[in-house]
Amino acid sequence: MGHGIAQVSAMGGHDVYIRDIEESIVDEGLDAIEANLQGGVDRDKLTEEQMADTLDRLTGTTDLKEATDGTSIVVEAVPENIDLKKNILSDVEEQVSADTVLASNTSSLAVTEIMSTLETPERGVGLHFFNPVHIMKLVEIVHAEQTSAETKSLVKEFIEGIDKVPIEVRDSPGFASSRLGVALGVEAIRMVQEGVAEPEDIDTAMELGYNHPMGPIELSDVVGLDVRLDILNYLREELGERFRPPQLLKRKVRAGKLGKKTGEGLYVWEDGEIVGVSGDVGEN
């Protein structure tokens with residue numbers, strides 16, 4: 001997610017630092033951005049000049065002080081671990097000026113709790129980007145209990161300025177998008193577990209019947225079944241048993257079959273494409 005957020009910010013005219021703890025990871029992020037931009041050039045979505053200008057606005061580093069010096073907004077995009085996010089933002093706060101906005105890219109974690117660790121939590125806000133960031137238009141702006149009116153205004157202006165469409169929500173478990181999306185995804189997995197229909201038929205029903213660009217089973221594999229399980233466990237704790245994870249999902253994660261990224265989840269994947277249905281999806 002981090003390299004995607006960096007890419008769209010640079011395309012929006014901002015000078016951007018992309019920072020990680022290892023140089024190899026930073027290089028992978030910059031390489032991914034260049035590949036995305038080249039794909040846009042190949043499809044006549046942008047020019048060679050636009051690609052070059054975007055890359056010129058990007059700098060990679062492992063130095064937190066260098067990355068945050070003079071910044072107006074910092075967006076952390078570390079994994080969905082609330083303690084990790086708190087620690088990162090606390091470290092960032094020590095480096096930046098008092099008016100720098102500190103944003104957390106999270107799909108479900110409590111932004112109010114994440115920002116509670118800050119000396120100045122009123123500048124904290126949630127920004128839920130969607131994957132792939134350079135294609136998906138939506139950004140969910142999540143207002144923590146502490147978020148100031150000035151911070152809300154600044155981040156909305158920033159999101160609109162990078163050609164994204166913001167929606168604004170109060171901090172609540174799963175926000176708007178993840179809560180609804182996970183509810184649909186978990187029910188689809190239960191239907192597979194109960195033998196109601198095959199995964200591809202459930203996906204086709206939602207794609208053709210409800211005009212979804214991707215069915216809920218495929219989307220779960222793309223997002224990662226481990227990520228889905230973590231969100232469900234969190235929502236179950238916060239909102240109750242309607243978010244109880246199905247056994248099929250837990251079994252897949254225990255087996256390391258996490259979806260597209262491991263080559264098998266509810267589907268079997270090769271070279272980023274679905275080539276079949278996993279052989280054990282019908283087991284109870």
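**Setting up**

I count residues from 1 along each chain as its sequence is written, and my side-chain values use heavy atoms, with hydrogens and water left out. As the model is predicted, local features need pLDDT of at least 70 and side-chain atom pairs count only at pLDDT 80 or more, while totals for chains, interfaces and linings use all residues.

I call a residue buried under 20% relative accessible area, exposed over 50%, and partly exposed in between (1.4 Å probe, protein chains only). The areas come from the Shrake-Rupley method with a 1.4 Å probe, and for residues only the protein chains shown count as cover.

**Entry 1: the inside**

I started with helix H1, residues 2–11. I found 7 of its 10 residues buried, so H1 is largely enclosed by the rest of the structure. Gly4, Ile5, Ala6, Gln7, Val8, Ser9 and Ala10 are the buried ones. Just after H1, I noted that Gly13 takes a positive phi of about 100 degrees.

Next I looked up the largest nonpolar core, which has 21 residues. A nonpolar core here is a set of buried Ala, Val, Leu, Ile, Met, Phe, Trp, Tyr and Cys residues joined through side-chain atoms within 4.5 Å. Ile217 and Leu266 have the most contacts inside this core. Two or more residues come from each of helix H8 (177–193), helix H11 (225–239), helix H12 (247–254) and strand E8 (267–270). H11 gives the most, with 6 residues.

While on H8, I checked Ala183, which sits in that helix and is partly exposed at 34% relative accessible area. Ala183 and Arg242 are 59 residues apart in sequence, yet their C-alpha atoms are 8.3 Å apart in space.

**Entry 2: surface patches**

My patches use residues with over 30% relative accessible area and no salt bridge; like charges are joined within 9 Å, and nonpolar side chains (Val, Leu, Ile, Met, Phe, Trp, Tyr) within 5 Å. Lys and Arg count as positive, Asp and Glu as negative, and His and the chain ends are not counted. I place each charge at NZ of Lys, CZ of Arg, CG of Asp or CD of Glu.

Glu23, Asp27, Glu28, Asp31 and Glu34 gather in a negative patch on the surface. Glu28 belongs to helix H2 (residues 23–42) and is exposed, at 53% relative accessible area.

Leu219, Val222 and Val223 make a nonpolar patch of about 190 Å². Val223 lies in helix H10 (residues 216–223) and is partly exposed, at 34%.

**Entry 3: salt bridges**

I searched the whole structure and found 12 salt bridges, each a side-chain nitrogen of Lys or Arg within 4 Å of a carboxyl oxygen of Asp or Glu.

- Asp226 pairs with Lys261, with the closest N and O atoms 2.9 Å apart. Asp226 is in H11 and Lys261 in the loop between H12 and E8, 35 residues apart, so I noted a link between distant parts of the chain. Lys261 is exposed, at 52%.
- Arg123 pairs with Glu93, the closest N and O atoms being 3.7 Å apart. This pair also links distant parts of the chain, 30 residues apart: Arg123 is in the loop between helix H6 (111–115) and strand E5 (124–129), and Glu93 is in helix H5 (residues 82–93). Both Arg123 and Glu93 are buried.
- Lys85 pairs with Glu80 at 3.5 Å between the closest N and O atoms. Lys85 is buried at 0%, whereas Glu80 is partly exposed at 34%. Shared partners join Glu76, Glu80 and Lys85 into one network.

Most residues other than glycine have a negative phi, and most peptide bonds are trans. With that in mind, I went looking for exceptions.

Asp44 has a positive phi of about 60 degrees although it is not a glycine. I located Asp44 in the loop between H2 and helix H3 (48–56), and it is exposed at 70%. Asn211, also not a glycine, has a positive phi of about 60 degrees. Asn211 lies in the loop between helix H9 (199–209) and H10 and is exposed at 67%.

Last, I noted a cis peptide bond between Asn131 and Pro132, with omega about 0 degrees. Pro132 is in the loop between E5 and strand E6 (138–143).

Key:
Helices (H or I, at least four residues) and strands (E, at least two) are DSSP runs, numbered from the N terminus.
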